[in-house]
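Grab a pencil and work through these exercises with the structure open beside you. Each task comes with a worked solution.

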Amino acid sequence: MEVEQKASGLKSLRFRIAAAVLFMLLLMLLTSGISFFYFFKLKSAVNQQSQQALPELQVLNSAQLNITRLANLAIEVSNSTSPAYSRILMSQVREQVDELKHSLELLAENNAQIKRLMDVVGKVEPSVTNISLSKSMLDQVDKALNERLFSAMTVTLASFNQANDKEVKQILGEITSDLAQLITRPHLYEQNQITARLVKQMQQLQQQALIHYKPLEPLLLSPRGVLELLSKREIHNSEVVGLTTQNRILLGNIVDFGHRVYMDNEANVAQQAQAISKNSNDFINVLMLVLLVQLMVAAALMVYLHKHLFRRLYALKGLVGQRKKITAHDVAFFDERNELGSLVKQLQTYLETISKQQAQIESTSLQLQSVIKHSHMMAAVIYQDEILYLSEPFYQLFKDRELKSIHDFPDDFQRRIASIQIGDLTTLESAYWDVHRQSWFQVSKDNILWEGKKAYLISLTDVSSQVRAEQEFRKTLSVVESESKLDALTGLYNRKLFEDQVASLKQTTEFMSFAVLLFDVDFFKQYNDKLGHLQGDQVLKMVASVIKRNTPSKGMAIRYGGEELLVFLPKANSSEALEIAQDIVEEVYQQHVPHPSSPHQYLSVSCGVSVQESSSDSLLKVFDQADKCLYQAKKSGRNRVTLWQDGNLGDSL
Amino acid sequence: MIKKLFVVLSMYMFSMMAHADKIIFTSNVPELFAQENGYSLAKMATVVKRLKSSNEPVLFVHGGDSLSPNPLSVYDKGAHMISIMNELGVDVLAVNQREFKDGIDQVTLLSTQAQFPMVLTNLLDRRSMQPVEGVQPYVLLPLGEHSIAVLMAVSENINTTFLFNKAFVYETVEHINRWVQQVRSSGATKVILVTERDFLKSVPVHSIEGVDMMMVTQDVEDHQVSSSPWIFASGGVDDEMTLIDVTKDGQTASVLHIAEEEPDAAMTQVIERYTSQLDVVLGQQLTRLSGPMDSQRDTLRSAESSWGNIVMDAIRQYTHADFSLIIGGSIRGYRDYEAGYVLTRRDIQRELPFGGTVYVVRITKAKLKQVLEHGVSQVEGLDGRFLQVSGLHYKYDASRPVGQRIVEMLHSNNREIDEGEYTVAISDYMLEGGDDYDFSDATVVSDKVSSQRLIWNIVSDYLEQYDEIQPVIEGRIVNVTPILP
């Protein structure tokens with residue numbers, strides 16, 4: 001608890017990491033804040049563009065269109081030849097000017113440039129009106145001029161026809177020609193030359209033929225005459241040209257003005273867009289900065305964690321894994337005031353405890369060593385196959401050998417040691433038999449700390465008396481066991497033994513050539529029925545003793561069933577078997593035990609004999625053959641032996 | 001008044017004594033408005049009308065170079081000037097270089113409005129290989145007992161200034177001599193060849209045969225160039241007109257000064273017809289000069305000009321180009337301004353009468369150097385191709401061979417100009433190859449819209465930003481030609 005308290009406060013890792021994470025969280029909030037701030041700024045800027053600047057550009061665009069139309073109309077006015085058409089055009093001019101003024105009024109607020117532009121626009125309509133007026137004057141003069149020219153030519157031609165004087169005729173002819181040329185000559189200076197000539201000709205005419213001069217004079221020379229009209233036409237013409245030029249300049253200025261205002265506005269919009277772009281850039285920069293700070297904080301946190309946590313954790317791993325001891329210096333390194341430090345401190349306490357306990361263990365093991373050394377224990381200490389210590393009694397046991405390593409022990413002893421688990425000991429059955437001492441030793445194996453080494457201790461205990469007792473016990477047990485294999489009535493082996501024997505025979509592949517002799521007491525049931533079971537048992541005892549007597553030691557006499565008895569002869573040929581069977585059958589009959597139901601008068605037995613002829617013949621088969629022979633013997637009249645020969649029932653003997 | 005009386009009296013006496021036939025000549029008079037130096041179309045008209053109203057025969061031969069440039073010509077391509085010449089009593093117009101500013105067809109169009117014939121002898125329309133339609137190779141005009149033939153020969157360089165190889169120009173003596181023979185055989189008793197200095201420079205003048213008078217159209221103080229052959233130079237926006245007395249044996253020329261004349265009312269009216277409504281535009285005040293400023297021809301065509309600097313700065317600000325380079329020849333004010341003068345649009349349009357537009361091209365440092373070299377290639381002759389600049393400084397040495405005259409070229413902050421590409425604002429005239437500039441390999445980066453504005457509008461807008469502007473000379477162009485003792 002004391003340690004926990006120490007780790008609190010500013011030095012606490014928990015506090016510091018929490019603080020760093022909190023700081024990063026704050027930075028993230030700041031980033032979001034800045035993002036929102038700039039997004040709103042961008043939004044308002046874009047709004048301003050879309051709601052103010054761009055509509056202004058639209059108005060300006062339509063103004064530009066008005067100006068273009070106006071310019072076209074002005075040109076049409078100056079080219080118009082019909083007064084009606086001129087009036088139509090003028091009304092369109094007014095319409096365009098009104099529209100233009102209306103557009104400009106929308107923009108005029110606080111814009112001196114546009115106010116001035118409106119002044120210029122104000123001049124356009126009167127200017128176009130003047131053009132229209134001059135043009136209609138020009139048209140009137142033109143019309144009058146054409147009429148006069150036509151009249152003048154008509155009059156001149158009439159005079160020419162009337163005139164008799166040759167000279168007068170020539171003058172009139174020249175006048176006609178010049179009048180015609182006035183219409184066809186394209187250049188004004190040529191017209192001027194013609195008019196100068198006409199004046200001269202008229203003067204001549206006046207002098208030579210006043211009569212022809214008089215009707216022509218008002219048509220040509222009077223204030224409303226051709227010459228006057230020609231100069232008037234020129235005046236109006238140049239008026240139209242002059243006004244058109246002026247109008248063009250006005251419109252040109254308006255176009256340029258409009259263009260400039262449009263460009264300014266466009267530049268404004270572009271500037272705004274640039275400002276937006278710059279704002280965005282600033283935003284990106286600030287964001288980058290904040291991100292950088294975040295990254296740096298994260299990096300610092302990593303470094304901090306590395307220095308104060310990961311490095312120490314690693315060191316702690318080292319401490320725990322290798323050093324097993326924590327010094328005051330180590331504790332200082334971990335800084336007791338934080339969690340890790342306190343953990344190390346705790347660990348130090350644990351390790352101290354452990355090392356104390358280890359020291360205790362070591363002293364105990366030392367004590368143990370001395371105990372072992374000073375006792376009469378048969379003990380050996382082995383470390384990595386090397387024998388570190390041998391007690392004197394142990395040494396005595398193997399004194400004929402030079403013992404240095406575990407491999408110097410007798411083989412069976414080595415095996416014995418190898419088979420034992422640490423902390424275990426051999427059973428009595430596997431106890432080590434020492435021939436020299438004629439003694440049994442139980443072997444045990446245990447871990448032991450020996451001179452600081454993790455060795456194991458082999459100790460031997462004399463268990464001869466226990467082993468002997470055990471052997472004795474076994475012997476007794478064997479008798480019991482063998483009795484259990486004997487038939488209680490006859491003293492022959494019982495059927496179980498035979499079956500065990502059969503089983504063991506099955507396992508051995510060695511060719512034995514054995515024989516099975518199967519006996520059956522003839523008419524035993526009838527005997528039992530007539531004379532009672534006790535008398536039957538007596539008879540069976542008698543038969544069994546005959547069989548036992550005749551069975552060689554290698555053989556085995558067995559009561560197989562109630563009155564069925566069997567002799568098993570290992571390593572026997574058929575003659576031997578037949579002989580034994582014969583003897584038994586004969587001897588039983590020679591006992592002359594009366595049998596009231598037997599045709600032979602005395603108790604008799606029948607026998608079937610079969611000998612194993614090849615290794616492939618199993619006991620069962622041989623038994624079966626013997627059984628078949630017994631049956632044959634019974635059928636053949638009983639009290640006889642039948643031998644199985646070459647796969648057939650043999651003759652009864 | 002006394003001077004005027006003297007002029008009238010002396011002319012009257014002179015005419016009484018000699019009974020000479022008279023030819024009035026002038027050229028290079030595109031300016032519409034009266035000037036401080038006495039120039040006035042209305043006063044010119046007074047003199048011409050007076051001379052023509054006398055008993056003696058008078059011809060007014062106009063040497064041309066006058067249909068443009070002026071503020072109106074940008075809009076009507078010279079039509080107003082034809083009206084003015086009609087009123088002025090011009091008898092023949094020698095079609096010169098600037099008449100072609102708006103192309104050959106415009107001359108044809110204007111010829112129908114003129115009350116005088118137009119003449120041009122040595123130029124064919126390349127499309128038809130015929131003389132320009134409406135213009136005659138020569139004109140025969142009666143003058144008293146004389147039959148005066150007027151021929152006009154332009155310099156071949158018209159193909160680099162206005163017509164850009166749309167014309168075929170005969171710049172040979174043989175060609176002229178052939179036409180002289182032709183007019184002589186058509187009855188001409190006197191032959192006037194109106195021509196340019198550049199034409200006379202490129203042909204052997206003494207080999208020209210049968211020409212009585214050669215009139216050189218030039219913006220100069222009117223003067224006799226030589227007496228044999230008889231050459232007289234006349235023209236310019238000034239108060240001079242040349243009066244030639246033609247006798248059987250020869251001719252003598254004198255210079256008339258018109259400054260003291262009364263303006264002719266009819267001519268004033270004609271000019272009014274063109275300008276009456278323009279005060280709303282032209283009278284607009286732009287800015288006040290806080291120091292003196294000059295737009296003299298010599299300065300504009302050989303050195304840094306305080307006015308040139310303002311024009312270039314305006315163009316550079318408008319185009320956002322790295323540099324602006326415009327030929328001095330496009331500035332035509334030729335005057336001094338006092339401190340405190342308030343500039344109006346009229347002044348600007350007078351200074352920059354060609355209108356003109358600007359283009360921004362992207363060129364390499366090497367090309368930039370080449371352009372500057374071209375600018376100073378004919379600086380000795382005060383050629384109009386001399387460049388006024390903004391954004392850079394340059395030094396030139398005119399004693400060095402052409403092409404090696406630029407001795408230093410720096411940014412305006414005196415920083416070295418690195419290798420690489422730069423945007424340069426130039427005039428449409430230069431881009432089209434005027435004055436032999438070649439930007440055919442340069443990339444135009446300015447858009448069409450921004451290249452539609454006229455230079456005078458660009459400069460007016462620039463000036464309008466300031467309540468006052470200080471014209472300065474700051475070492476943009478330094479002439480380091482050694483002065484020979």
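Predicted model: local features only at pLDDT ≥ 70, side-chain atom pairs only at ≥ 80, totals over all residues.

**Exercise 1.** Find which residues of α5(A) are buried, and explain why they lie on the same side.

*Solution.* First, list them: Val168(A), Ile171(A), Leu172(A), Ile175(A), Leu179(A) and Leu182(A) are buried. Now look down the axis: they span an arc of only 95°, so they sit on the same side of α5(A). The background is simple helix geometry: with 3.6 residues a turn, residues three or four places apart point the same way. Last, ask what the buried residues pack against: α4 (112-162), α6 (188-208) and α7 (210-220) of chain A.

**Exercise 2.** Describe how α6(A) and α7(A) meet.

*Solution.* Begin with the axes, which come within 8 Å and cross at roughly 145°. Then pick out the contact residues: α6(A) brings Leu198(A), Met202(A), Leu205(A) and Gln206(A), while α7(A) brings Leu210(A), His212(A), Tyr213(A) and Leu220(A). Sort them by type and you get 6 nonpolar, 2 polar and no charged.

**Exercise 3.** Take apart the side of chain A that touches chain B: which helix gives the most?

*Solution.* Count both sides to begin: 24 residues of chain A are in contact with 26 of chain B. On the chain A side, α4, α6 and α8 (226-323) each supply at least two residues. The top contributor is α8(A), with 15 residues. By type, chain A's side divides into 8 nonpolar, 10 polar and 6 charged residues.

**Exercise 4.** Compare the UniProt "transmembrane region" annotation for chain A with the model.

*Solution.* The record, an unreviewed entry, lists residues 20-40 and 283-305. Check residues 20-40 of chain A: this span is 100% helix and 0% strand, with its end C-alpha atoms 30 Å apart. Now do residues 283-305 of chain A: again 100% helix and 0% strand, with 32 Å between the end C-alpha atoms.

Terms used. Residues numbered from 1 in each chain as written. Chains lettered and ligands numbered in written order. Buried ≥ 20, exposed ≤ 12 C-beta atoms within 10 Å, placed from the backbone. Helix = DSSP H or I, 4+ residues; strand = E, 2+ residues; numbered from the N terminus. Arc of directions from axis to C-beta. Contact = placed C-beta atoms within 7 Å. Nonpolar A, V, L, I, M, F, W, Y, C, P; charged D, E, K, R; others polar. UniProt positions renumbered as here; feature names shortened; annotations may be inferred. Axes fitted to C-alpha atoms, helices over the stretch in contact; angles between N-to-C directions.
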